[in-house]
Amino acid sequence: MSLTEATANPPPSQENSFPPPVLTLSKCILRPIHPMDAPAIQRACNSPVMAKYMSYRFPSPYTIEDAHRWIGIASSFRVPGSPDILPSLVICDPATNEVVGSIGIKTKEDVEEFSFEIGYWIREASWGKGIMTEACRAYCKWLFEMYPKVNRLEADVFEGNYASVKVLERCGFVHEGTKRKAGTKHGRVFDIWVYGLLREECELLN
Ligand SMILES: CC(C)(COP(=O)(O)OP(=O)(O)OC[C@H]1O[C@@H](n2cnc3c(N)ncnc32)[C@H](O)[C@@H]1OP(=O)(O)O)[C@@H](O)C(=O)NCCC(=O)NCCS
């Protein structure tokens, strides 16, 4: 993992070109989202297999309008108190700059202000190549650097999503517990597995 090109605020992009990378890794680059990404996002996300372990916020079928709506949300979302950092990033093929995935956070409130929940996806054609493991590990380290008050990252994994469990465990996340029968989607009731990564655990990863 290299954070040599990690930046909070990449210079503004030309309207017709993709923004520069925030993280440059060996299998992928992570950069801010751009309206030109909409067709690649729609192609990647429009699959029931992709949606299976995602919440209803991830539509299925996934239209080009859904992609544009998501681009609007991801480009405008900021953590309260950190207006200069854009935390939602797309994961791209380093050779073509095409989107192959996405990673981002949801903030929490009140006493959980300094915990973020992370979420991510990779298009089906790119599964099993270690892309998300590499992206997630670098992204978590970047989050802790960019948000010095954050103590903890967590992920809620739907029962059965073993690929995501493998990613999280390889990034140092610990299984902290199970919210029994916490989820219901299309009538199916399932457990939600809670994973957490503390700042000091992330710092121990090389
Ligand atoms: C989960 C997801 C992001 C993983 O991305 P990825 O780039 O394929 O992940 P990686 O290649 O880094 O690692 C996945 C590992 O899980 C393994 N795996 C895949 N399916 C598995 C299964 N059913 N059981 C056990 N391991 C599995 C892969 O073989 C790989 O391990 P390996 O490197 O030892 O072969 C991707 O499958 C995805 O986008 N799924 C749909 C959206 C989603 O579920 N998001 C997460 C919500 S919590």
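## A walk through the model

Start by selecting residues 28-195, which UniProt, in an unreviewed entry, lists as "domain: N-acetyltransferase"; such positions use the numbering here, feature names are shortened, and annotations may be inferred rather than shown by experiment. You're looking at a predicted model, where local features need pLDDT of at least 70, side-chain atom pairs count only at pLDDT 80 or more, and totals for chains, interfaces and linings use all residues. Residues are numbered from 1 along each chain as its sequence is written, and side-chain values use heavy atoms, with hydrogens and water left out.

Across that 28-195 span, the end C-alpha atoms sit 24 Å apart, with 30% helix and 30% strand. Helices (H or I, at least four residues) and strands (E, at least two) are DSSP runs, numbered from the N terminus.

**The sheet.** Now colour the strands. Eight of them make an open, mixed sheet in the order β1-β2-β3-β4-β5-β6-β8-β7; two strands pair if DSSP finds at least two bridges between them. β1 (23-24) and β7 (174-185) are at the edges with a single partner strand each, so one side of each has no neighbour in the sheet.

Next, click on helix α4 (residues 131-146). It packs on the sheet, touching β1, β2 (29-31), β3, β4, β5 (115-122), β6 (152-158) and β8 (188-198); contact means heavy atoms within 4.5 Å. The direction of α4 makes about 155 degrees with that of β5. (Axes are lines fitted to C-alpha atoms, for helices over the stretch in contact, and angles run from 0 to 180 degrees between N-to-C directions.) Then pick α5 (residues 162-170), which lies across β5, β6 and β8 and runs at about 10 degrees to β8.

**Two strand pairs.** Zoom in on β3 (residues 89-92) and β4 (residues 99-107), antiparallel and joined by four bridges. Cysteine 92 has valine 99 of β4 as its bridge partner. In the loop between these strands is asparagine 97, with a positive phi near 70 degrees. Most residues other than glycine have a negative phi, and most peptide bonds are trans.

Over at β7 and β8, eight bridges make an antiparallel pair, with glycine 177 opposite valine 194 in β8. Two residues lie between the strands of this hairpin, where histidine 186 has a positive phi near 50 degrees.

**A cis bond.** Select serine 60 and proline 61: their peptide bond is cis, with omega about 0 degrees. Proline 61 is in the loop between α2 and α3.

Finally, show Met54, Phe58, Gly119, Tyr120 and Trp121, the closest to the centre of the largest pocket among its 50 lining residues. α5 gives the most to that lining, with seven residues.

Methods:
1 Å grid on protein atoms, 1.4 Å probe; cavity = no way out; pocket = protein on both sides within 12 Å on 5 of 7 lines; lining within 4 Å.
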